[in-house]
Amino acid sequence: MTTGALKAFFLEKGASAAKTEISLVHFLEREEAETWLHKTWPETIRAQATAAVARGERPILGLSCYTWNVGEFLEIAAAAKKDVPELLVVAGGPHVQRAEDFLLDESIDLIILGEGEITFAELLDSAPEQWPGIEGLAWLDEGVVRKTPTRPRRESLDEFPSALDVIELRDEAGEPIYGQMSYETARGCPYRCAFCEWGTGAIGTKMYQFSLDRIRSDFERAAAGGIKDFWLADSNFGALREDAEKTEMVIELRQRTGLPQTFATSWSKNHNKRVQGIVRRLHEENLLSHYHLALQTLTPLALELSNRKNMRDNDFERVVKACANEGIPIAAELIWGLPGDTLSEFETNLDRLLRVFPNINIFGYTLLPGTEFYDRREEYKLETVPVAGYGKAKGEYVVGCHTFSAQEGAEGYFLITAYIVLARGQILPLTAQFLALDESVPVAPLLRKILSALLEEFAEELGEEIAQDRLVAYERRSEIYLALLAKPERTYAVIARVLSEWLSEHDCQHLTQRLVRILGLDRALCPRSGARQLATHEFEFDAAEAIATLSRMERPSDEMVDQSAPVAIEIEYPGGVGEVLHDPDGGSWVRGQLKTNS
């Protein structure tokens, strides 16, 4: 949609549009970009670029750069520029807004700063000597980065033609080309979080939106093109009063056409009645894939340094409780590694959220160009390592700063790994939740201890490096997860042993029998390999009611768990571990589901 918008605007407004050919190339996966570079470029595109140079024309390679694609795009730029030195490489997008980082060291000739449609069109219409007159442009001039004045953002977004004017949605056989669409109904973010580029740089804090008529038209065209998943790229969906009507558009479209099948967005940080109403409407229509509360941190100093101290938490515990009771898929977002945090405070925060949220998404903090923290990295003494496998271009993991050591930082990443593998992966989610609700023992350090013991147990299968290097374990968490699921008896034996030790260390042996029974539920519901299957399990307590109670974010009573009355339950397993399921983030989709209670 981004490159389509650039092309659509130029074809409508560009003075040289009639004599300019623009081809859009989209990659869904990294491998597709590599195939284009090593096959399509040398076999066809390179010859076209060389022929254009011979005719006295200017071939241009434009790259729309985000965190997830800039590594591949820099490789493409370097190779293409080497083959055709006359090629003009133009980059835009959030990741390259700090122009100095890319013009001085990479094969990029120009960078578009801010909103790109008008600047890109003017660039295509201009000769190099005219670049100084184009707002929002940066380039290298005899070793010095030159920047033109900032281009004011366009307030009336409908003046930009739709990307769908130029993007073909179906192939010659009439089959859909794209399964998902990332779509902006509004631009801008009212917040200036120090770790994020959304409300600064290219986008800005003022929110502008497309008209409802324009949005409705694009939604209709997308559904007609067979797009199944609508992903709104809005920063705070629900913050604008028109967002409720946009929601009804999606619902009506789904009822009439069957599409979209799913809907996702980034939710407003203010979880008011309008936002909650939108969430409930989408849930009622089975369109809600998730409702995320982007808390990111609860540590006071980290909130202050991140410029989030003024954000209200909106009584999130009450909101989450209501959603959990209604079965609405709700989750919290946390970031480990923000300046101002410490490992002990982060673990305390995680324990608190485990008592409230059925799901938590924890991310390692990746330092990105164009953000306030990036500019203040020396002030906060940020220690970083390149994101594994991608290098500096894709960002850097923050592993230390002025408030936590590099050793603490590594343990924080290990905690993320432990939570993702053990809780999100559905190996012991009920056990972790039960202990958090009980509040007798800390849970976050327990998760780290369990994973350490499991890595020792599976050292032969996984190798010593995973057990010894916390960041390696973080990067290879999917490999760890599949190894644990492949040998469930060994896995749960280790877990039971560590749980017993933990209860003894904290003088909480009275919880032993209850915890054994709750862990038995996790063992029974854990994702399995093979085909879909149905199994009957015997318990000495009302297992179904205990599961239902925990799903409401309530601790099962002692009487419920301590009873001795044989109960049989049937559990259906989708299967597919190692075939369909390859990483712990998908654990909830293939965990066992209760069928009957007798």
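I began with α2, which bends by about 70° at tryptophan 41, with a proline, proline 42, following within four residues. For my own record, helices (H or I, at least four residues) and strands (E, at least two) are DSSP runs numbered from the N terminus, and the bend at a residue is the angle between axes fitted to the seven residues ending there and the seven starting there. I am working on a predicted model, where local features need pLDDT of at least 70, side-chain atom pairs count only at pLDDT 80 or more, and totals for chains, interfaces and linings use all residues. Residues are numbered from 1 along each chain as its sequence is written, and side-chain values use heavy atoms, with hydrogens and water left out.

**Entry 1**

Just after α2, I noted glycine 56 with a positive phi of about 85°.

Next I checked α3, residues 70-83. Its 14 residues reach 20 Å from first C-alpha to last, close to the expected 20 Å; the expected span is 1.5 Å times one less than the number of residues.

**Entry 1: buried charges without a partner**

The nearest side chain of opposite charge is glutamate 333, 7.5 Å away; Lys and Arg count as positive, Asp and Glu as negative, and His and the chain ends are not counted. I did find the backbone oxygen of serine 235 at 3.2 Å from a polar atom of the lysine 269 side chain. A polar contact is a pair of N or O atoms within 3.5 Å; within protein, one must be able to donate a hydrogen and the other to accept it, and residues adjacent in sequence count only if both atoms are side-chain atoms. Lysine 269 sits in the loop between β10 (262-264) and α8 (273-284).

Arginine 517, in helix α21 (residues 512-525), is also buried and has no salt bridge, with glutamate 540 the nearest opposite charge at 5.1 Å. The backbone oxygen of aspartate 562 lies 3.5 Å from a polar atom of its side chain. Not counting residues up to four places away in sequence, arginine 517 touches Glu540, Phe541, Val561, Asp562, Gln563 and Ser564.

**Entry 2: salt bridges**

How many salt bridges does the structure hold? I noted 55. Arginine 281 and glutamate 284 make one of them at 3.1 Å, N to O, both within α8 and 3 residues apart, about one turn of the helix.

Glutamate 554 and lysine 321 form another, with the closest N and O atoms 3.2 Å apart. Glutamate 554 is in the loop between α22 (543-551) and α23 (558-562) and lysine 321 is in helix α10 (residues 316-325), so the pair ties together parts 233 residues apart in sequence. I also logged a network of salt bridges linking Asp438, Arg514, Arg555, Asp558 and Asp562.

As a reminder, most residues other than glycine have a negative phi, and most peptide bonds are trans. I therefore wrote down the exceptions I came across. The bond from leucine 259 to proline 260 is cis, omega near 5°, and proline 260 is in the loop between α7 (243-257) and β10. Asparagine 307 has phi near 65°, in the loop between α9 (300-305) and α10. Aspartate 507 has a positive phi of about 55° and lies in the loop between α20 (488-505) and α21; at 63% relative accessibility, aspartate 507 counts as exposed.

Technical notes. Buried < 20%, exposed > 50% of the residue type's maximum accessible area, 1.4 Å probe, protein only. Salt bridge = Lys/Arg side-chain N within 4 Å of Asp/Glu carboxyl O. Contact = heavy atoms within 4.5 Å.
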